[in-house]
Amino acid sequence: MNKFFERRYVVTGIFIAIILALLGRLYYIQIVDDRYTIYANSNVRRTTILYPARGPILDRNGKILVQNEPIYDVMVNPKEVKPFDTLLFCKMIGIDKEGFDKRFIKAKRQSPNTASIFEKQLSVELYAALQEKLFEFPGFSIVPRTIRTYPDSVAAQFLGFIGEVTDRDIKRSNGYYRLGDYIGVTGVEKAYENVLRGQRGVQVQMVDSHGVFKGSFANGALDTVPQSGKRLTSSLDIDLQRLGEKLMQNKLGGIVAIEPSSGEILCYVSSPTYDPNLMVGRQRGNNLAKMYNNPYKPFFIRPIQAQYPPGSSFKPLSALIALQEGIINPGETFYCTGSYRVGNRIVHCNHGEAHGTVNMARAVAESCNGYFTMVFQRIVDRYGVKNTEANFIAWRNNVMKFGLGARLDLDMPAESRGNVPTPLHYDNAYHKGGWRSSTIAALAIGQGELLATPLQLANLECTIANRGFFYKPHLIKAIGTENVIKKEYVEKNYVGIDSGYFEPVINGMQQVVESGTGIRSKIPGIIMCGKTGTAQNPHGEDNSVFVAFAPRDNPKIAIAVVVENSGEGAHWAAPIASFIVEKYLRGKVTPRESGITVDYFANANRLPDLTLYAQDLQKERRRDSIRAAKVDSIKKFKADSIKKFKADSIKKERREAAYNNKPANWIKTLTGGRTGKS
């Protein structure tokens with residue numbers, strides 16, 4: 001009995017310890033830790049997203065290319081809406097009653113108990129008027145935001161634009177973006193989205209049962225301050241960009257100018273262009289549709305997406321490869337009769353002109369097709385026709401070292417590769433072993449299957465200007481207060497040509513401008529080295545091409561200009577390039593001979609026949625529709641296949657389970673329920 005009497009003290013002690021622990025926990029919860037108070041009050045808090053301003057974008061001299069201006073989104077919480085003067089509300093935000101009903105139904109479907117966007121991008125004026133009477137419209141609130149504005153309305157294809165996030169964007173962001181958020185869609189806005197967007201903030205406030213704000217929730221413990229996006233400093237020169245866009249108005253084509261000593265892009269013109277301010281505001285959708293249906297494709301970024309035959313602008317590269325391979329020497333001459341035989345064909349030199357005895361410098365200066373075709377045939381045939389493919393592969397590899405046929409990894413999306421054809425291409429076209437140097441001789445003068453973007457052509461000029469290497473081109477040089485020092489932008493990319501071989505080629509390029517085919521590009525007092533090109537075009541007249549760098553010694557700028565459907569490079573591309581070069585080197589364009597003026601070239605209309613481009617646009621839309629239908633079919637097929645696979649797997653698992661657990665049932669399953677001997 002004494003034994004049980006002693007145990008009661010132990011039991012009593014246990015109960016006392018439990019009671020003290022519970023009392024201590026209650027004291028901690030109610031007095032010390034306020035988390036549970038916060039949880040208890042969570043049903044009376046209102047969370048507001050605070051959107052940061054996107055980072056501004058500047059030119060290389062600190063001039064603003066894009067900045068922000070305030071706008072306001074009207075939010076609605078359907079659950080809190082009570083009867084009010086709907087017509088007055090519609091009038092104040094600039095919509096009709098039908099538009100109000102559509103928006104309200106959409107908001108209820110999206111989220112009947114939480115706030116969602118009712119109307120976007122109210123101006124400051126509309127916001128000021130609405131704010132005064134907002135208390136009359138229960139359930140509605142206003143969230144401040146910012147949109148982009150472009151003071152000079154230039155460089156639209158470089159800057160790009162922003163738009164609302166898609167479901168795919170939300171999924172990829174791992175929940176960072178929400179419906180109604182904005183994201184970079186094209187250009188630098190897309191390429192540097194993570195830098196420009198900043199970090200959102202949150203403000204949590206207490207509300208009473210009537211929805212009236214009662215101050216900060218939990219003394220601001222859950223609030224966060226938005227962080228603005230970082231400033232980007234581009235390599236563009238806004239004055240150069242403005243001049244380039246002026247010169248290219250009413251024309252199709254592109255201009256790319258690069259600083260050879262750094263790879264920084266100075267000018268990045270795509271024509272036709274558009275006013276980037278059209279891509280913001282409440283009319284954005286209508287403007288977007290109009291430009292999307294424009295046959296001349298203003299959204300097509302010609303500096304990096306258009307692929308043109310380089311034409312005669314490719315000839316200096318051909319000469320450099322031949323020199324390096326020991327196929328020719330600078331003083332060696334060929335005789336041009338004005339026409340020459342290529343296989344079974346007779347090909348005429350420029351306009352049938354007989355250049356006579358020409359060395360390399362003169363061949364470059366006068367753009368002698370015969371000279372470069374004969375040199376190319378020597379390269380491909382040097383070890384006999386049995387080694388044609390091997391020799392061609394070696395030539396192709398040398399060409400690609402200059403950045404042709406591959407992306408240059410520009411810090412912008414959607415860059416094209418251009419094209420340097422492969423032996424497989426000719427095997428498919430002529431069967432293996434069925435092609436020779438004469439078959440592909442057009443490559444020698446930058447025609448045939450050879451394609452390059454204006455960016456690649458400008459980069460080729462940087463390589464020649466640097467006597468054998470280039471820095472990868474790029475458009476952003478600083479983020480915030482820090483210079484962009486990516487490893488790939490400071491590395492020299494050598495092309496495998498000895499520096500000594502460049503001088504004879506550069507001599508010829510100087511003669512192009514001084515007295516040759518590019519004399520209309522001559523700048524008084526500046527030694528510029530260039531090369532004209534006339535490239536075949538499937539849409540009518542040839543493309544006008546000109547590439548150059550200046551000055552000859554210690555070059556500051558390299559440039560490529562393409563004007564579509566404008567004939568010889570000397571007529572249009574060359575003078576336009578010379579204006580850009582002089583503007584950059586001198587800060588102004590000095591008077592030239594009569595007819596070679598900025599105004600003349602800026603006012604000239606070289607737009608091709610709209611009918612051809614409209615037909616191409618229709619074909620492209622049909623291809624897009626067919627492609628979209630195929631994608632949908634593939635998705636449906638995959639979904640059906642997955643569903644069938646899952647169903648078959650379930651059936652298989654059930655049969656295996658029946659076999660393992662109930663053999664009798666398994667036999668019935670196999671025999672369709674029949675029993676008996678087989």
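Leu408 touches Gly403, Glu415, Leu455, Gln456, Asn459, Phe470, Lys472 and Pro473, leaving out residues up to four places away in sequence; contact here means heavy atoms within 4.5 Å. This is a predicted model, where local features need pLDDT of at least 70, side-chain atom pairs count only at pLDDT 80 or more, and totals for chains, interfaces and linings use all residues. Residues are numbered from 1 along each chain as its sequence is written, and side-chain values use heavy atoms, without hydrogens or water.

Leu408 sits in the loop between α16 (388-400) and α17 (423-430). Helices are DSSP runs (H or I, at least four residues), numbered from the N terminus. Leu408 counts as buried because its relative accessibility is 4%. Buried means under 20% relative accessible area, exposed over 50%, partly exposed in between (1.4 Å probe, protein chains only). Pro473 is 65 residues away from Leu408 along the chain, yet their C-alpha atoms are separated by 7.2 Å.

The largest nonpolar core has 93 residues, and Phe158, Tyr268 and Tyr371 touch the most other members. Such a core is a set of buried Ala, Val, Leu, Ile, Met, Phe, Trp, Tyr and Cys residues joined through side-chain atoms within 4.5 Å. Helix α18 (residues 454-465) gives the most to this core, with 7 residues. Apart from it lies another core, of 32 residues, including Ile255, Ile523, Ile576 and Ile596. Beyond four places in sequence, Tyr371 contacts Ile328, Glu332, Phe334, Val358, Asn359, Met360 and Ala363.

Ile16 lies in helix α1 (residues 2-32). Ile16 counts as partly exposed because its relative accessibility is 47%.

Methods: Helix = DSSP H or I, 4+ residues; strand = E, 2+ residues; numbered from the N terminus.
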